[in-house]
Each structure stands twice: as structure tokens, then as C-alpha cells.
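Here's a quick tour of one protein chain. Have a look at the picture first, then go through the notes topic by topic.

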Amino acid sequence: MTSATLLTPARTSRPGGERPGATTRAAERAYIRVLVVLDTAVLAVAILVGYLARFGDEQPSGSEIPYVVVAPVLLLVWLVSLKAMRCYDDQVLGYGADEYRRVSAASLRLAGGIAIAGYIADVGVSRGFLAISFAVGTIGLEVARFAARKRLHRARDRGAGWSRKVLVVGDTAHVLELVHTLRREPYAGYQVVGACIPDALLAPVPQRLGDVPVVGSFRGIPEAATAIGADTVAVTASGELTATRLRRLGWQLEGTGVDLVVAPALTDVAGPRIHTRPVAGLPLIHVEAPEFRGARKLVKGFVDRSLSLIALLLLSPLLAVLALAIKLDSRGPVLFRQTRVGQGGEEFGVFKFRTMVVNADALLAELAARNETDGLMFKMRDDPRVTRTGRLLRRWSLDELPQLANVLLGQMSLVGPRPPLPSEVARYDGDVARRLLVKPGMTGLWQVSGRSDLSWEDGIRLDLYYVENWSLAADLTILWKTFGAVLGSRGAY
């Protein structure tokens with residue numbers, strides 16, 4: 001969900017009773033305590049590694065301040081820096097990339113500040129010790145946050161873990177759409193517990209929107225939130241919720257411990273493209289246009305080709321072994337070259353290890369009725385055309401390694417939308433054709449989100465999201481997640 005926090009009320013208790021969402025707040029505080037302990041342990045190890053790597057068994061010399069004092073002070077200042085950069089703010093924890101960016105920014109700013117202060121004050125603390133400590137600590141913090149988040153996501157998928165209890169407010173159609181969006185990604189931590197709809201839509205009997213109970217109208221939103229224990233009110237589109245009524249709702253929620261968030265109609269736009277600017281008292285959301293050319297694109301192309309060349313050199317022994325296995329398993333060529341459509345609709349030949357019998361295309365018509373996916377693709381779990389070696393290659397996505405050559409040639413990217421067939425592109429409508437604005441990728445959001453287990457609609461949605469919101473940081477994240485998806489064999493068949 002793309003949402004803008006309109007107000008964040010003070011979280012004080014109501015007189016004479018427990019504030020809404022007390023259980024959620026307790027779980028939130030417990031998760032933050034775990035993060036503090038993890039961060040402290042990581043930083044202690046990083047500082048110890050920095051000391052041992054720089055000095056080993058030798059006794060440090062030339063320092064005016066003993067390292068038995070430097071180490072704990074550095075640890076404490078580092079934790080304070082994380083706190084100052086709001087790395088423990090519940091608004092960024094558990095979902096999105098902002099948490100990782102803040103952790104890196106806090107560490108890098110502290111490193112820069114210490115370097116400048118040390119130069120000015122001429123303090124004799126080893127630069128090698130500091131450099132190693134900050135490098136290990138920054139990476140360690142990111143890995144620890146990632147591990148903690150994954151554990152939280154698994155708990156949320158089971159219906160446990162720290163999640164916000166949400167009361168959705170708006171017209172029926174928009175409420176259902178928002179509920180569907182939130183439930184599509186349960187690991188985001190927004191658990192819908194009720195809905196409020198306009199007075200005109202209320203019935204004299206208890207109502208439900210799908211399986212979400214209707215707990216009131218727009219006249220009693222704070223009371224409804226209190227009754228169901230919601231700690232967040234999410235307001236979506238409605239003609240009756242004017243700016244004045246929405247402002248008054250914010251006033252009514254002050255001091256209740258209930259957060260107010262607004263879900264605009266604009267979806268699938270990443271945070272870096274969104275800027276909220278107050279204009280004439282209105283919180284206008286400015287959306288930057290997607291970037292399809294420029295310096296960042298040149299950097300992306302350079303990184304793609306450099307990494308693909310390195311990967312081809314390092315993986316050449318493995319590629320030779322796989323080629324031999326394919327040749328011994330079934331007759332036919334080792335490589336399979338298929339026409340795909342790339343950036344701007346330009347066709348190219350994508351390289352893959354052959355995983356099917358040589359006459360696979362001729363047999364496709366006979367299997368068309370057994371297609372197990374919707375949309376324009378053909379997918380079948382037990383496809384009889386796949387060879388024995390081919391099943392192994394597909395399970396671990398090894399059949400796609402030759403596409404590194406396509407990346408090196410500039411026809412593909414390491415990360416991007418799935419490269420479509422010309423027959424698929426011929427049936428694209430205007431929206432889906434936007435996938436062709438960027439180079440197709442060896443991996444992408446579609447692969448790290450389930451691959452063949454995804455519906456056609458979800459696959460297209462993820463591809464379009466990437467096209468609109470790509471970034472180098474997102475590419476690195478997707479590459480990292482690809483290893484987990486491959487090792488888990490999710491959606492590989």
C-alpha cells in the first residue's frame with residue numbers, strides 16, 4: 001500500500017481505561033528491545049574485530065586515549081547515532097527500505113563526524129581500527145536488521161508477531177480495494193479488524209464487507225476504533241469525508257493512542273518518487289516522473305556488464321559441467337536460443353540451457369489445454385517435454401545462467417521485468433506495454449515473489465512496479481533476495 005501519514009497523535013492513555021492497541025504497542029516495544037540488543041551485540045563484535053584486525057596481539061602505541069575507553073564510548077555514540085536517525089521508529093520498522101537507509105546513514109555520518117573531529121583535535125586513534133570497525137559494523141547492522149525482519153515477517157504470515165490493527169474508513173468499493181491490497185502482503189503488518197462506511201450504506205442488521213465486519217459509520221469512528229481495539233485508522237476515498245471532517249477526525253483521535261493514516265488512490269509508486277509538500281494548507285503529494293534515461297541508467301548499464309563479465313569468468317567451470325550433463329542426457333544442442341522482446345520492442349535471442357526435448361514447440365499445441373496459469377504465459381508443473389537434467393536445472397534456475405551473455409551484450413539487465421515472447425507482446429494492451437520501457441532482466445520482483453506461482457495479473461503488477469520505481473539500491477536488494485528464492489525453489493518448474 002502507498003500511504004501518507006497525515007497525523008501521528010501523541011500516544012497517551014485515556015483517563016480511566018487502557019488505551020486502544022495496548023497489546024500492539026507492547027509487542028512493538030518488545031520488537032524494538034530485540035533490535036537494540038541485536039545492534040549492541042553487532043557493534044560490540046565489529047569494534048572487537050576492528051581492534052584485532054588492526055593490532056592483533058600487539059599493544060597499541062601512540063594513542064593518547066586507551067582503547068579500553070575508546071571502545072565503549074564508540075559503541076555508546078554509535079547507538080545514540082542510530083537513535084538520532086530514528087532507526088527505532090515504528091513508522092519504518094518491519095517493512096520497506098527506509099529502515100536500511102537510515103541505519104547506513106547513521107553509521108556513515110558518524111564515521112564522517114569522527115574523522116573530521118579526530119583530524120581537528122589531532123586525537124591519535126588508529127584510522128585503520130575505525131575504518132574496519134565501521135565497515136564491519138555497518139554491514140553487520142544491515143544483516144541483523146534483515147534477519148530480524150524476516151523472522152517478524154514469518155510470524156506475521158502465521159497471524160502472529162507485531163502488527164497494526166487497522167480500522168478502514170471509506171466507501172464500500174474503496175474499503176474492499178484497500179483490504180485486498182493490505183492482505184496481499186500480510187508481512188507488511190497491517191491487520192484489518194473492521195470497517196466504517198457512510199451512513200447511507202448502513203443496514204439495520206450486522207454487515208460484513210467480505211469477511212471484514214462493519215463496526216460503524218463516519219459519525220462514530222473514534223468509538224468504533226476503541227470498541228475493536230484498533231490502533232490505526234486508515235482513511236481511503238469517500239465523497240462524504242471532506243477535508244474539514246478529516247481534520248476533525250484527527251482532532252478527535254488526539255490523545256487516544258490511535259494513528260491516522262490516509263491511503264490515496266495512487267498506488268504502486270515507491271516512496272522516493274513521492275514528496276508531500278504543504279501548499280495553501282493542503283498536504284499535496286508530488287509524484288516525480290519515472291526515470292528511463294540519464295546518469296543512473298548509465299551506471300546501471302556499467303554495473304550490469306561488469307558483474308556479468310565477472311560472473312561468466314567465475315562460473316565457467318560450472319557452465320562446462322552443466323553443458324556436458326545436458327549433452328549426455330538427451331540429443332540436441334546444449335544451448336536453446338529463443339526470440340524475446342527487449343527494451344523498446346526490439347527482438348533479440350535469449351540464451352538458455354536446453355531443458356526440453358528438441359521438438360518441444362511442436363508439442364505445445366497438444367498441451368495447451370493443460371496450462372496451469374492464467375494470462376498469456378504457458379506454465380505446467382509436470383511438463384512432459386522437460387528432460388531429467390532439465391528438471392534439475394529449472395529447480396535451481398541454472399538454465400538461465402547463459403543469459404549472463406545477453407547482459408554482457410547489453411540486451412538484458414541483471415534485474416528487470418521478465419523477457420516476454422513476441423506472441424505475448426502482440427496481445428499487450430497499453431498498460432502492459434510499459435514493461436518494454438526498460439531492459440528485461442535475468443531476475444526481478446516476479447522471481448523473488450514466487451515466479452510461476454504468481455498469477456498473470458500479479459506478475460504484470462510487479463513488473464510495472466519495477467519499471468516505474470527502479471533504483472540501484474532496489475536492484476541490489478532484488479539480487480540478494482534472488483539467492484533465497486533460488487535456494488528455496490519457490491515457483492520453479
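Before anything else, a word on labels: helices (H or I, at least four residues) and strands (E, at least two) are DSSP runs, numbered from the N terminus.

What you're looking at is a predicted model, in which local features need pLDDT of at least 70 and side-chain atom pairs count only at pLDDT 80 or more, while totals for chains, interfaces and linings use all residues. Residues are numbered from 1 along each chain as its sequence is written, and side-chain values use heavy atoms, with hydrogens and water left out.

**Transmembrane regions**

- An unreviewed UniProt entry places the feature "transmembrane region" at residues 30-53, 65-82, 103-121, 127-148 and 306-326. UniProt positions follow the numbering used here, feature names are shortened, and annotations may be inferred rather than shown by experiment.
- Take residues 103-121: the model has them as 100% helix and 0% strand, and the end C-alpha atoms sit 27 Å apart.
- Residues 306-326 are also 100% helix and 0% strand, with 28 Å between the end C-alpha atoms.

**Helices side by side**

- Two packed helices are described by the angle between their axes and the distance between the axes.
- Helix α2 (residues 67-84) packs with α4 at an angle of about 40°, and their axes are 13 Å apart. Axes here are lines fitted to C-alpha atoms, for helices over the stretch in contact, and angles run from 0 to 180 degrees between N-to-C directions.
- That angle makes α2 oblique to α4 (under 35 degrees counts as roughly parallel, over 145 as roughly antiparallel, 65 to 115 as roughly perpendicular and the rest as oblique).

**One face of α7**

- Which residues of helix α7 (residues 243-253) are buried? They are Leu246, Leu249, Gly250 and Leu253 (buried means under 20% relative accessible area, exposed over 50%, partly exposed in between, with a 1.4 Å probe and protein chains only).
- Seen down the axis of α7, these buried residues fall within an arc of 100°, so they line one face of the helix. The arc is that of the directions from the helix axis to the C-beta atoms.
- An α-helix has 3.6 residues a turn, so residues three or four places apart point the same way.

**Salt bridges**

- The model has 14 salt bridges (a side-chain nitrogen of Lys or Arg within 4 Å of a carboxyl oxygen of Asp or Glu).
- Arginine 145 and glutamate 99 form one of them, at 2.8 Å from N to O. Arginine 145 is in helix α4 (residues 127-157) and glutamate 99 in helix α3 (residues 98-121), so the pair ties together parts that are 46 residues apart in sequence.
- Both partners are tucked away: arginine 145 is buried at 0% relative accessible area, and glutamate 99 is buried at 1%.
- Asp39, Glu99, Arg145 and Arg149 are linked in a network of salt bridges.
- Arginine 434 pairs up with glutamate 468, the closest N and O atoms being 2.7 Å apart. Arginine 434 is partly exposed, at 30%, whereas glutamate 468 is buried, at 18%.
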